[in-house]
Structures are given as structure tokens and as C-alpha cells.
Amino acid sequence: MTSETFSIDPQSAVGHVFPSQRAFVEPRRLKFFLETIGETNPVYHDTRAAREAGYRDIPIPPTYLFCLQSLDNPGPPAVLELLGVDIGRILHGEQKFAFHHPACVGDELVFTTRIRDISNKKGGALTMIAQAIRVDNGHDQHVADIVSTIVVRNPPHTAGATQ
Amino acid sequence: MNHCPAGPTSLTVGEIPVNRHFDPITRHELALYCGASGDHNPIHVDIDFARSSGFPDVFAHGMFIMARLGVALNEVFPPSSVREFGVRFTAITQVGAGITCQGRVTAIEIVDGEQRARLEMTARDQDGDIKLKGEAVVAFDPQGEQE
């Protein structure tokens, strides 16, 4: 059933750990992101305001960890390549962050991604892929745990898709 | 508690401390978000690709809406107070959607010696349709001071 929609049996990929990825919190790139999302809070823009609030440097907004991994590791997410899924078939299903230590401008972060769970929904029309991502910084701190779930839209069985 | 420099010092279950409306989403913003976020999936910026993937038009990155939900959250709760933040993307957000971001207190609890609030977070469009729904956990005594 899955041979038409994935290049390997998805269940065989559960537990797979991808090679760690690094990302750098670059200040001008962060500023572009802040302007794009309409974030004007001084703590994100002014080093002095950030230090007065107790940070080492300007912190990143809560969802930016997700972006950093993509920014410094361009191309489609590795999981799509592993499973043979075209990017046009995916939607974002869920995104969760648990924060343990702040990430700040100048930090070099390490992302370790593991496929946590893969399950079908709607009679196999959709496949949910949940990845658990651990983020550490260069100060021996566990920065965050992320769970990111993508939804793969599978071609209808009646179409006899070959791709 | 009186040294809490930002953010509410008291909250009650049921109140909606997070409440912010954003102007309708433009195609230009989606192009900027594509570059700023590193999410280069063409489905959000290239109408030809979106159509070939079975959609009538491009649509917003879910994470763009979640980022705005985060802006609304941080307007009330400082970044250092956010312990957890998660959402389900319940529906696609179309170009032109005017999004209202809200956070409603569902519980007050003490965890690891600090007072925390659970907020039900939602992003709705101008018709009231829920696009994102989830939860944020915030400390509202971030210094963890004892009484």
C-alpha cells in the first residue's frame, strides 16, 4: 500500500536519527525575520534592553528555532529525501516547543532530529510524520525540545500513481 | 512578585490576556517570510507550483501565523517567561486573511517552584475560522521569587 507513495516502508524509518545540523544565530538575518513577522519588542532589537532583561545578548523569538535549522541547512527537509516524498505533497500538522534555556545572537546551535512516529490517517489518504528535535548550544546547555509533525498527502489508490 | 518587570502579576482562569489583530496577509509578506524563515517550499509563493500540487492559490506558511501568535504572546508575556508553545495547524490560511491571535487562561499551577499559567492559544481569520489552535505555558513570576 505504501510502495506507491514512499520510496521505503515508512515504519522502517521510525527511530531514524539524522546527522546533527548546526545553525548560527546571525543578528542581521534575525532582524529581517523580526521585521517580517512584525515583532517590535525592544528586547529583540536592542542589546541593552536584552541585557537589562537578563539575557547574554538579544534572544530569539519562540518560533525562530524552527527557522534556524532550515536557514543553515538549505534544501528540502532530510526526512522527505529519506522517504521519497515530493515537497508539494506536505503540509505542516503540528509544531511544539519546550524551552529550557534561551538562544541568543551569536549562539551556534546543534539540532539533532529523530523520527519519532509515523502513522496513517483518513484511511491512508494522509500520513503523519512526527520528528523530535533536540537543540543544544555551545555552552553545554540543552536549549529546547521540538516536536514537528508534517502531513503527507498520499495519491488516491484508484489513480494507480507510480510516482 | 513585585520585581516582575514585565508581564501580568496576577491572572485568573478564563481571562484573555493575549489578544491582537493583524492586517490581512499579503503575497509580499509570504515572499519575505520565505526568505526570512528559510522555508523555501514554493507552495507558499509560486502559484503555478501551488496549482500543480492541487491548490487553487498559494497559502500562508503555518509557521508565519505561529510566529504572529508568538508576537501576540510576547506582547504580554516576556520571552524569558515562555516555557512551552505548541499548536496544531487546523486549516490552511489564505492570502488576505486578517488574523486575530488570542490566548485564554485555562489553568494556573505551580511547577518547579514557579507560578505558571496555561493559555489556550488560537489564531482565527476574519470569519472566525480557527487556523491554529494550541497551548502556551508561561511563568508569570519569571524570577521565581519566594513570597
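**Close-up views of a two-chain predicted model**

**View 1. B:Ile108 stands opposite B:Ala117 in E4(B).** Here strand E3 (residues 100-111) and strand E4 (residues 114-124) of chain B run antiparallel and are joined by 11 bridges. Strands (E, at least two residues) and helices (H or I, at least four) are DSSP runs numbered from the N terminus, and two strands pair if DSSP finds at least two bridges between them. This is a predicted model, in which local features need pLDDT of at least 70 and side-chain atom pairs pLDDT 80 or more, while totals for chains, interfaces and linings use all residues. Residues are numbered from 1 along each chain as its sequence is written, chains are lettered from A and ligands numbered from 1 in the order written, and side-chain values use heavy atoms, without hydrogens or water.

**View 2. Step back, and 10 strands form an open sheet with antiparallel pairing.** The order is E1(A)-E3(A)-E4(A)-E5(A)-E2(A)-E2(B)-E5(B)-E4(B)-E3(B)-E1(B). Strand E1 (21-24) of chain A and strand E1 (18-21) of chain B stand at the edges, each with a single partner strand, so one side of each is left without a neighbour in the sheet. From one strand to the next, the twist averages 20°.

View 3. For A:Cys104, the nearest cysteine sulfur, that of A:Cys67, is 17 Å away. B:Cys101 is in no disulfide either, with the sulfur of A:Cys67 the nearest at 16 Å; B:Cys101 is buried, at 0%.

Key. Axes are lines fitted to C-alpha atoms, for helices over the stretch in contact, and angles run from 0 to 180 degrees between N-to-C directions. A disulfide is a pair of cysteine sulfur atoms within 2.5 Å. Buried means under 20% relative accessible area, exposed over 50%, partly exposed in between (1.4 Å probe, protein chains only).
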